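This report describes how a ligand is held within a protein chain. Please look at the sequence and the structure before reading on.

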Amino acid sequence: MSYLVLARKLRPKRFQDLIGQDHIWMTLKNAIKSDRVAHAFLFTGPRGTGKTSCARILTKAINCISLVEGEPCGECENCVEINQGISTDVIEIDAASNRGIEHIRELRDSVKFSPAKCQYKTYIIDEVHMLTTESFNALLKTLEEPPAHVKFILATTDQHKVPATVKSRCQRFDFANISLEAMTEYLKKVVKEEALNISDSALTMIAKSSAGGLRDALTAMDMLISFSGETVDDEKVFELLGLIDVREIDQLLKEVIAKNVAGVIEHFNRFVANGHSITQFVTDLMRALKDLSLVATIPLEKLNWLGLLPDQITLYKELSSRVTTSTLQQLFDIAVEIEMQVKKSNQAQICAEMGLIRMCSIESLEGVAEIISVLRDSSSQKKNPLN
Ligand SMILES: Nc1ncnc2c1ncn2[C@@H]1O[C@H](COP(=O)(O)OP(=O)(O)OP(=O)(O)O)[C@@H](O)[C@H]1O
Ligand SMILES: [Mg+2]
Ligand SMILES: [Zn+2]
């Protein structure tokens, strides 16, 4: 059998398989159980968070012959055909490549005909924001009052581009980014079920680098497996996900705290030489300073959601014992200044370097506070010579 990428092999088949979207599928299941299913839905949210999967599950659920607790059985004729993508009653339209009015006219004509086997004829329109204004207008009437045997499920990653007239005719569900913790848990399960050998910290790295999209995480895993086989070592993950530079920033931060200008500039140059923009550098530096400040103030066991890697935890703990939170705040303020200068100036690299040099030369605020308190003490002693 030909190889199926993980993201397709693992496409959720039941509502409860959808990770991190409980608020959506619980509502849909209740609607199905109480027979109050709307005629048009709009699924919005970032890419790879389950919109198309949920549209297909919903389609199965409204047509399933032996529904189990609001979930499609997966075994009846309708479920099987929809799963295989061969049901003639489910029409999936990619609006990105069918934007024109002629496609919507065709759709309007076909809506009249009854479904062949299923109870409902379901139109799933993906990337619906890509339709032209003319197409949207042509769709409105049908969307508002389709024949009783028709359901519409529209999906989009860009809900701002969907006209209000369309939105107001649909029941809307906003898909959320999947949290780092939920995603890492899920990836652990996948590793176990697929008999792979990938460490937990590598999974954290994968989850973190996919920023809330589960498809991206599974695609990254596929890439790593095809590169290294079933055992994926952490160094490969670092390399392939472009995370080498996370280390570069961490090492740069270490040198800033040690006030070692030469070391700081060396790491900065290496980061830039790896092909990153100065803007990216400042963003990463700000994020590292923020993470370090969190480690300095909040107990580690409450910081699981931050997704720090084991090496980072060791380093940040060590660094946070060497600086105060107000020094970190000062460093962050300088990073903000660098960011503003970088945006305005044509000499972004020079501005960044000067900012880094300044970071290495700040005096700890505690020092200043101490001086002020000493001055205060001495001036009050002068006023009260008897003390
Ligand atoms: N919430 C989720 N729970 C479980 N798996 C998911 C989830 N979201 C995405 N996936 C995985 O990613 C794959 C793609 O998901 P899906 O096609 O549903 O995303 P989408 O939101 O429609 O993305 P796009 O906006 O890019 O079309 C699924 O086959 C599944 O493997
Ligand atoms: Mg989709
Ligand atoms: Zn079924």
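Ligand 1 is surrounded by 21 residues, and the closest are Ala7, Ile19, Lys51, Thr52 and Ser53; a residue is near a molecule if one of its heavy atoms lies within 4 Å of it. The model is predicted: local features need pLDDT of at least 70, side-chain atom pairs count only at pLDDT 80 or more, and totals for chains, interfaces and linings use all residues. Residues are numbered from 1 along each chain as its sequence is written, chains are lettered from A and ligands numbered from 1 in the order in which they are written, and side-chain values use heavy atoms, with hydrogens and water left out.

The shell around ligand 1 consists of eight nonpolar, seven polar and six charged residues. Here Ala, Val, Leu, Ile, Met, Phe, Trp, Tyr, Cys and Pro count as nonpolar, Asp, Glu, Lys and Arg as charged, and the others, Gly among them, as polar.

The table lists polar contacts, that is, pairs of N or O atoms within 3.5 Å.

| Residue | Polar atom of residue | Atom of ligand 1 | Distance |
|---|---|---|---|
| Arg11 | side chain | oxygen | 3.1 Å |
| Gly48 | backbone | oxygen | 2.8 Å |
| Thr49 | backbone | nitrogen | 3.1 Å |

On its own, ligand 1 has 630 Å² of accessible area (Shrake-Rupley method, 1.4 Å probe), of which the protein covers 95%.

By an automatic or database domain assignment, the chain is divided into domain 1 (6-174), domain 2 (180-240) and domain 3 (264-368). Ligand 1 lies between domain 1 and domain 2 because both give residues to its shell.

Methods: Polar contact = N/O pair within 3.5 Å; in protein donor to acceptor, adjacent residues only side chain to side chain.
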